[in-house]
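Visitor: Can we go through the rings in this one? I'd like charges over faces, then ring pairs.

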Amino acid sequence: MLKNQVKGLLAVAAAAVFTTSAAMADVPPLTVSGNQVLSGGQAKSFAGNSFFWSNTGWGQERFYNAETVRWLKNDWNATVVRAAMGVDADGSYIPSHEDADPEGNVERVKAIVDAAIAEDMYVIIDFHTHHAEDYQAEAIEFFEEMATLYGGYNNVIYEPYNEPLQISWDNVVKPYAESVISAIRAIDPDNLIVVGTPSWSQDVDAAANNPITGYSNIAYTLHFYAGTHGQWLRDKARNAMNAGIALFVTEWGSVNADGDGAPNVSETQSWMNFLKQNNISHLNWAVSDKEEGSSIVKPGTPISGWNSSDLTAAGTLVKDIVSNWGTTIDTGSSTSSTSSSSSSSSSSSSSSSSNSSSSSSSSSSSSSSSSSSSGSSTGSCNGLNEYPNWTARDWSGGPYNHANPGDKLVYQGTIYQANWYTTTVPGSDASWTNVGSCGTSSSTSSTSSSSSSSSSSSSSSSSSSNSTSSSSSSSSSSSSSNSSSSSSSSSSSSSSSSSSSSGPVSSCTGVNEYPNWTSRDWSGGPYNHANPGDKMVYQNTLYQANWYTTTIPGGDSSWTNLGSCSGGSSTTSSTSSSSSSSSSSSSSSSSSSTGGSTSSSSSSSSSSSSSSSTTGSSGSAANLDNPFAGATWYVDPVWSAKAAGEPGGSAIANYNTAVWMDRIGAIAGPEDGDGMGLRDHLDAALDQGANLFMFVFYDLPNRDCAALASNGELRISENGYQRYVDEYTAGIMEVISDPKYSVLRIVAVVEVDSLPNLVTNLNEPDCAEADGPGGYRDGIRYALNQLSSLPNVYPYLDIAHSGWLGWSDNFSQGVALIGDVIESTDRGWGSIAGFASNSANYTPVEEPYMPDPNAQVGGQPIRSSDFYEWNSYLEELSYVQDWRQAMISRGAPSTIGMLIDTARNGWGGPGRPTAASSSSNLNTYVEESKIDRREHRGNWCNQPGGVGYRPTAAPHAGVDAFVWIKPQGESDGISDPNFPIDPNDPNKQHDPMCDPNASNSSNSAYGTGAMDNAPHAGRWFPEAFQTLLNNAYPPL
């Protein structure tokens, strides 16, 4: 049991510890500023490992020693470790439990903490339980002891509650945390404390809604397991950060939430991208040789000296991530620990060799400049990589696919230096500085210097009429937590005041107007947020971001109201120096002028204007990288009313769904009044205040040539192509080219399932005819030429789905055919914004329990199972990412984006698996592990899927959005073979794949899986709508 005399010696011991340890604190203090955790005043994301439960007799306590900590630092490059002291259960800290060993558990924690301090690492002291509120007195006693011993060391982080269960934040977790924090702060006034949140530390939004305000330097715990937790939890985390709280991932796994199963590699990658972009530190669970998926080493492995054969699948993945994370601790001199430290200090330029094989994704701070040199030469280009021979990669062993801050590349005889993590063509945007042409002279100097973000921060310097920017900040080799950049930056992420200024400010000319965001998460990504110091106008009021935010300006504490916009002649003053937040915000040296002179602004993605995004505050919807980013999405009032009228339907009734223009008559509106015309919808979008409208362009002659349910009205043999040109396309263009709609971002999903039919179904007579003159190629070429002529229209060409073009031959033929069509248009690759996948289909975004199609079960790869039939793509995400890369390789711009229809591919409900199967029979394993519950993957008509991921901009790298192309509740086709004619579209037929009593047309051993009582395609199908709600995932 705990020694009672500890309490009596607290004051004396604390004084002694602090006196002797101050000089030994060789790591910078961790401080919270806004929604960021700073290390020595800089926002950084650290990576490391959590030890397993410390309980005596559990078998993992042997790793609690200095040798393992030393190995993790030196071999894995870990910068932080976590001692997870087992509080309850057998062999734990609490004396009332069987075989309790409080002294042993405390000694193990001390061994880890002492080792981490000796190794100049950060270390988390974790009260590891799901029921800490039951042990409040014991927690206080424990943390008083820890604060007394270690409160003088900047290395130490306190975690008073590992994972609360589904209990109240307001009434249970927060009061408990405040009691423990009070005890800690009586001894240690300033070390970082990370507070657990409800639902296994997932409900960070609950903490954000009612944060702890009585104490400083508080962050909040976020836990995730990639096999279970996806985009919905990242959305929750982003919302919490927008509300102003800082997050720390003290535990994560690449496997399922139960700690077992195979690693979900793709979802892990998505999580790592998110953590890197938001400067969130993280520790992987667990340093353990227990025989379960989350352990990093195999049973019987020694406590250090591990080689690759000692690592589990999770361990191999985690080592790759941690060892290549790239963030280091600045040791040697510690600054004072203050929770209000500024993060806008000037940081030195981190120039790396262009031949570097760095696998860090972008962790070093850099001095960034968006001003180009004026043609001077810089010396020989010998030894520099020439684009597209990239200098860096995301993971060790991964492809070289980007440049890191400071890397140099040669392009067309000119040297460019990356300002931040970038994948764009050198010189094409603000992520590059033109250093000069290859020659012999000295290089030019750069202008605006960034501050201290993890991979790139924004520094904007705007001057008034007729003056040019003259900011030139000197780089400093060390950053002070209270210093500000000498260029133009005085605003930092610590300035979280939401007070309003008095009176009007100067003119808002040149400042982006919401929702035209100023910054993006990575080079080439969508403009989707504001960085600290960025200004935006909303409802004629000027706001400045206090930290990384995606909320409406003035909507919460992430914004400061600078005052109303006046009619003055000068632009807003330069205060937007980004400090600690985004992983790829931009540097802008802008000299905006008025009174007849032109702006001398350099290309910028922050504050004033952008080279590839919106133009100032005009609200233009033209030429955006990602039209979905920062948009207000239109809600179809017809569909919304139908959805809201169904039981439970209000849960999704206010989301965007695509409007289908599937016949000439639909442009003006259905004759029976069941819907609205195109102009009616666009007018409704304006009335709603929306600025994004999505519709499906869908009326090719011989449409749906291999099926019957969606047969179109036009026939090639009956002058169909000319009618497609003169009546359908011209009718749509007449409407959308109306100048009043130029403020709308109009997304057109072009001809669902069309060109893929020319890859696989030429045995069908209608498809063979569609492969010739006046067919699909000619029709789509013409449509893209017309649609792309309007700068606010964004065509996304349909590419079917992974269950259609996923086989290697189909994939390569599809890339070739579709690429040829695009390249034959008037604007080539400029004729499309990207590609749309899974339109009106059911293939899931991920298969969480089968991340590797080549994984062996019973000696056979998963992809060889009856369900997958040797298809390498089990889900959509890897399919669209590989498709995108294949198109980039043949000439598409690196900014090309992908859409995934997630309207019906959620596959939740009681039938959803919760873990991978344990069967050694391949087909049994697949059937018990896959979330796609279809009997056959080719089943496409009225399947019992579920509402999938909600419409979301930029959910993954290269993916512009998750969208709902097929509105839930609309039928795929009529189930009755003795069908009545649809008066709106008499060409629609019955397809046997929609008959629940028929066999699958491609394999008669399987049924169709279609639901009964279905009406014609596009007609309202209430039973299907209810099924989709019941099977929603994430749950509604």
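Visitor: What sits over the ring of Y698?
Guide: The charged end of R703. This is a predicted model, and in it that end is 4.2 Å from the ring centre of Y698.

Visitor: And W271, which residue lies over its face?
Guide: R234 does, at 5.0 Å from the ring centre.

Visitor: Switching to ring pairs. How many aromatic pairs are there in the whole structure?
Guide: A search of the whole structure gives 42 aromatic pairs. Take F628 and W633: their ring centres are 5.2 Å apart.

Visitor: Why is the F628 and W633 pair classed as tilted?
Guide: Because the planes of F628 and W633 stand at 55°. Stacked needs under 30 degrees and edge-to-face needs over 60.

Visitor: Is F628 buried or exposed?
Guide: F628 is buried, at 1% relative accessible area. W633 also counts as buried, with 17% relative accessibility.

Visitor: What about Y724 and Y728, how are those rings arranged?
Guide: They are stacked. The centres of Y724 and Y728 are 5.6 Å apart, with 15° between the planes.

Visitor: Where do Y724 and Y728 lie?
Guide: Both are in helix α15, which covers residues 720-736. They are 4 residues apart, about one turn of the helix.

Visitor: Buried or exposed, those two, Y724 and Y728?
Guide: Y724 is buried, and Y728 is too.

Visitor: Which residues do ring pairs link into a cluster with Y724 and Y728?
Guide: Y634, F693, F695 and F697.

Notes. Residues numbered from 1 in each chain as written. Predicted model: local features only at pLDDT ≥ 70, side-chain atom pairs only at ≥ 80, totals over all residues. Heavy atoms only, no water. Phe/Tyr/Trp six-rings, centres within 6.5 Å; stacked < 30°, edge-to-face > 60°. Buried < 20%, exposed > 50% of the residue type's maximum accessible area, 1.4 Å probe, protein only. Helix = DSSP H or I, 4+ residues; strand = E, 2+ residues; numbered from the N terminus. Lys NZ or Arg CZ within 6 Å of the ring centre and 35° of its normal.
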